[in-house]
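Subject: Structure for you to look at, with notes

Dear colleague,

I am passing on the structure below, and my notes on it follow. Please read them with the structure open beside you.

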Amino acid sequence: MNRREYSRLQGIQVGGKIMALKVKVGIVGMGLGGSTVYKTLRTIDHVEIGIVCDLMENTPGMEMARLDGVQTCVSLDVFLKVPNLDVIIEATGIPEIQQHVRRNKAKSSAVIEAQGANLMMFIIEEKEKLAEIKRLKGELDAILNSVQEAIEVAGIDGKIKYVNPSFSRVTSIPAVQRIGYNIFDVSPNGALARSIRTHEPVFAHRALVGGTSVDVISNASPIVVDGQMEGAVVVFQPLTDIYKLMEQLKASNQVINELQSRLNQISTSSYTFDDLIGSHPEFESALNLAHKAAKSNSTILITGESGTGKELFAHAIHGASLRRNKPFIKVNCAAIPETLLESEFFGHEKGAFTGAVKTKLGKMELANGGTIFLDEIGDMNPYLQAKLLRVLQDMEFERVGGTKPIKVDVRVISATNRNLYEMAKQGNFREDLFYRLNVLELRLPPLRKHKEDIPAYVHSLIAKFNRKFGKHVMGLTAQAEELLMQYNWPGNIRELQNVLERAIVTVEDEIISHKHMLNFVDSQNSIKKEQMSLEIMPIQQMEKQMIQLALQHYGNSMEGKKQAANALKISLATLYNKLKTISNL
Ligand SMILES: Nc1ncnc2c1ncn2[C@@H]1O[C@H](COP(=O)(O)OP(=O)(O)OP(=O)(O)O)[C@@H](O)[C@H]1O
Ligand SMILES: [Mg+2]
């Protein structure tokens, strides 16, 4: 095949869109060589076999062509008259026939001898490889064009071969002003030049893009083909983008931290009224009131000695209220250091004081929509009492160091084992706050006032501790039960719980006897102590103390006074008279 034939063939096969055209081929000589060529060509998409020719009609190649529906002929003259053959493959190997074909067809077709046919097939294969490369290049282009990072590629000699569109966006240098230039001239200190010089990757290299004031962070890597370094590629981003991302990251982290701290502080209330045991009238009236209070939105003050279940009631009230799916936030007013009280309650803005490294939500904000439980309210510091009063009035406050008012909708339940009324009277607790908190007072009786409930508590506690410690305690001896009924339980239900827990841990039998409890409960002693606290004094003085005790217990309200009078076995009018007299004592 001569140069013209070869380049003409190439033109047909690799020239851009022409690739879609079919190459029309004719074969002369369908013996062994010709039919092998025929078999190969008929599997190639871009080849159409127009005609095959052999003097012998029955060669295997001729038969095959006929079966394929390809035109066959036994006369060379007929063959040579077929128009539009792009390629004629001469496979007879007979010089006269070769010359005859050339003479007649060389102007209109590429004539290839059988050996040349192998070359053509090689070209067709190459063309298919080229198509695959073009497809890959298309994919690569799409990727490089769509990435946000700037990309630049240079050869081992430093000549810039490629920049992607983001390169021009970031640097404002058009591709034509970069491609073809040498990286050692235009950006000699950049990561790309450095990677080519050192044959090493370069990470997090900060520099100005040569000839610009664009500050970038780059990573560059050598391009190695078959173990040979051919050049390098650099990928970079402007610092402004990175700063923007960092800002976004910081903001997201802040949101995460805030959510995390909310999550840590929010306890969904875990107890319900079903967990409250007790059916003695005194206990039951507290329970009824709590049920009613749960349905309302009023502020509640729960009073009662330590261990009477104030916290349990607060949980149950929240759990039975319309706010049950909102946060229940407990604040132990006695446990927060004075310096942190305000920020604990109302939160602070970042930088409000030394150590305020980030904005923090206060308990009031965390409780929004739900309930805040102010435990040990009697121990709240006077400054905060004043602030809390204002918040309770209009449910609005500002974070420490903040200026924006924050409005919340929070139900307040507070609890104390101190006599807030007395404290208010003596100026140890703000009176106005006391009345705000005491809209509804829930007085929990001490256990000694509803000892009849003790067996029910014991029953439920045995079941609970059996589960906890894997024990099989069945119950108590009559003597042990008697001991529990006699004891006056200064620590109330909590103390009963502790006594039983220790007894169940130590007992080896299935029944707890009084001996197991003597260590923990010294009933005689405690009763004696209570009696011993009375001293000899004028009757009138003792009357005053009794009345004060009764009012402390039942409260100073109208209802409280009625109950106090009842308990003292005097009429309400006598109580009022006595109150007048004792105020002068
Ligand atoms: N009615 C009740 N039924 C069952 N368990 C109760 C009841 N009342 C209290 N308890 C249990 O007694 C323990 C003490 O209750 P709680 O912590 O609510 O008391 P408190 O009044 O808040 O005490 P303090 O004033 O010391 O904080 C808890 O373990 C609670 O589960
Ligand atoms: Mg408590």
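How are α18 and α20 oriented to each other: roughly parallel, roughly antiparallel, roughly perpendicular or oblique? Before the answer, please note that this is a predicted model, in which local features need pLDDT of at least 70 and side-chain atom pairs count only at pLDDT 80 or more, while totals for chains, interfaces and linings use all residues. Residues are numbered from 1 along each chain as its sequence is written, chains are lettered from A and ligands numbered from 1 in the order in which they are written, and side-chain values use heavy atoms, with hydrogens and water left out.

Helix α18 (residues 454-469) packs against helix α20 (residues 492-506) at an angle of about 45°, and their axes lie 10 Å apart. The two helices are therefore oblique to each other (angles under 35 degrees count as roughly parallel, over 145 as roughly antiparallel, 65 to 115 as roughly perpendicular and the rest as oblique; axes are lines fitted to C-alpha atoms, for helices over the stretch in contact, and angles run from 0 to 180 degrees between N-to-C directions). Helices (H or I, at least four residues) and strands (E, at least two) are DSSP runs, numbered from the N terminus.

On the α18 side the residues that meet α20 include Tyr 457, Leu 461 and Phe 465, and on the α20 side they include Leu 496, Leu 500 and Ile 504 (contact means heavy atoms within 4.5 Å). The residues of this contact divide into 12 nonpolar, two polar and three charged (Ala, Val, Leu, Ile, Met, Phe, Trp, Tyr, Cys and Pro count as nonpolar, Asp, Glu, Lys and Arg as charged, and the others, Gly among them, as polar).

Asn 492, which has its place in helix α20, has a positive phi near 55° although it is a residue other than glycine, and it is buried, with a relative accessible area of 0% (buried means under 20% relative accessible area, exposed over 50%, and partly exposed in between, with a 1.4 Å probe and protein chains only). Ser 172, likewise not a glycine, has a positive phi of about 60°; Ser 172 is found in the loop between α7 (165-171) and α8 (183-186) and is exposed, with a relative accessible area of 62%.

Helix α12 (residues 310-319) has seven of its 10 residues buried, so it is largely enclosed by the rest of the structure. Among the buried residues of α12 are Phe 313, His 315 and His 318, and what covers them includes α11 (281-295), β11 (300-303) and β16 (411-416).

There is also an open sheet of five strands in the order β3-β2-β1-β4-β5, with parallel pairing (two strands pair if DSSP finds at least two bridges between them). Strands β3 (71-73) and β5 (110-113) stand at the edges with a single partner strand each, so one side of each is left without a neighbour in the sheet. Strand β2 (residues 47-53) is joined to β3 by three bridges, the two running parallel, and Ile 51 has Gln 71 in β3 as its bridge partner. Helix α3 (residues 60-68) packs on the sheet, touching β2 and β3, and its direction makes about 145° with that of β3.

For the whole protein, there are 25 helices and 19 strands, and 43% of the 585 residues count as buried.

With best wishes
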